[in-house]
Amino acid sequence: MSIFDKLKKNVNDTVKNTVSGAVKNLANQKETFTFRALPESLAELQALPEAALDTPFQTAALTVCALCVYAADKNIGTEMLNFLKGPRPLSNHEISFLNDRFRDGQHVPFSYFKGAVPANNYTPDEPFVITVETNPYSDANEGYKKLFIRSGGADNPREVVLRQRGSDGKWFLWDQFLMVSIRDPKSADPWA
């Protein structure tokens, strides 16, 4: 192997390692948020530092908080979700979907917080801690970000899609796939 071949191989190896490292970092990006208490009104949600909506991770974490509120009060939860959705409020179809999902799943949004598992009826640890993460496909579409949140009642993380507004760079909720079936809480399991 000539000196030029060795040099070329070294450059190629360096480029491969750099790209591989960048992809691994992107795939493993995580942000963890801690809330002393869950917001109980739109004003309380907007007072949180995450309400700046500067990152898609902030918006995803607040989406879970808003869904928890929706379980207790649909009107306040709707106000919060509409704030997070920005210029595109909840559609009648989305509201109908949420109402249907909350008929039997009041516990589902709480399952995304640390410590919430079927054995404790999805009672999260306090303070409320949630981790939002990326995967290699998170940036597949320009202007959108697909993030994932793990549930204590599911084997695979669930998806939240955010969209960035071009005028100010804020990230808004575009779609969520958080309100899907998870394992029954212990209190609802006839075999427990």
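Residues are numbered from 1 along each chain as its sequence is written. The model is predicted, so local features need pLDDT of at least 70 and side-chain atom pairs count only at pLDDT 80 or more, while totals for chains, interfaces and linings use all residues; side-chain values use heavy atoms, with hydrogens and water left out.

The protein has 5 helices and 5 strands, where helices (H or I, at least four residues) and strands (E, at least two) are DSSP runs numbered from the N terminus. Along the sequence they follow the pattern α-β-α-α-α-α-β-β-β-β. Of the 192 residues, 38% count as buried, meaning under 20% relative accessible area, with exposed set at over 50% and partly exposed in between (1.4 Å probe, protein chains only). Among contacts (heavy atoms within 4.5 Å) with a separation of 6 or more, 59% come from residues 24 or more positions apart.

Helix H3 (residues 56-72) packs on helix H5 (residues 92-104) at an angle of about 70°, with the axes 10 Å apart. H3 is therefore roughly perpendicular to H5. Axes are lines fitted to C-alpha atoms, for helices over the stretch in contact, and angles run from 0 to 180 degrees between N-to-C directions; under 35 degrees is roughly parallel, over 145 roughly antiparallel, 65 to 115 roughly perpendicular, and the rest oblique. From H3, Leu67, Tyr70 and Ala71 make the contact, and from H5, Ile95, Leu98, Asn99 and Phe102. These residues divide into 6 nonpolar, 1 polar and no charged, with Ala, Val, Leu, Ile, Met, Phe, Trp, Tyr, Cys and Pro counted as nonpolar, Asp, Glu, Lys and Arg as charged, and the others, Gly among them, as polar.

Proline 109 lies in the loop between H5 and strand E2 (128-133). Proline 109 is buried, with a relative accessible area of 1%. Beyond its neighbours within four places in sequence, proline 109 is in contact with Val64, Leu67, Cys68, Phe102 and Met179. Leu67 and Phe102 also belong to the contact of H3 with H5. The C-alpha atoms of proline 109 and cysteine 68 are 5.5 Å apart, although 41 residues separate the two along the chain.

Strand E4 (residues 158-164) pairs with strand E5 (residues 171-176) in the antiparallel sense over 5 bridges; pairing requires at least two bridges found by DSSP. Leucine 162 has leucine 173 of E5 as its bridge partner. The hairpin of E4 and E5 has 6 residues between the strands, and glycine 169 in this hairpin takes a positive phi near 80°.
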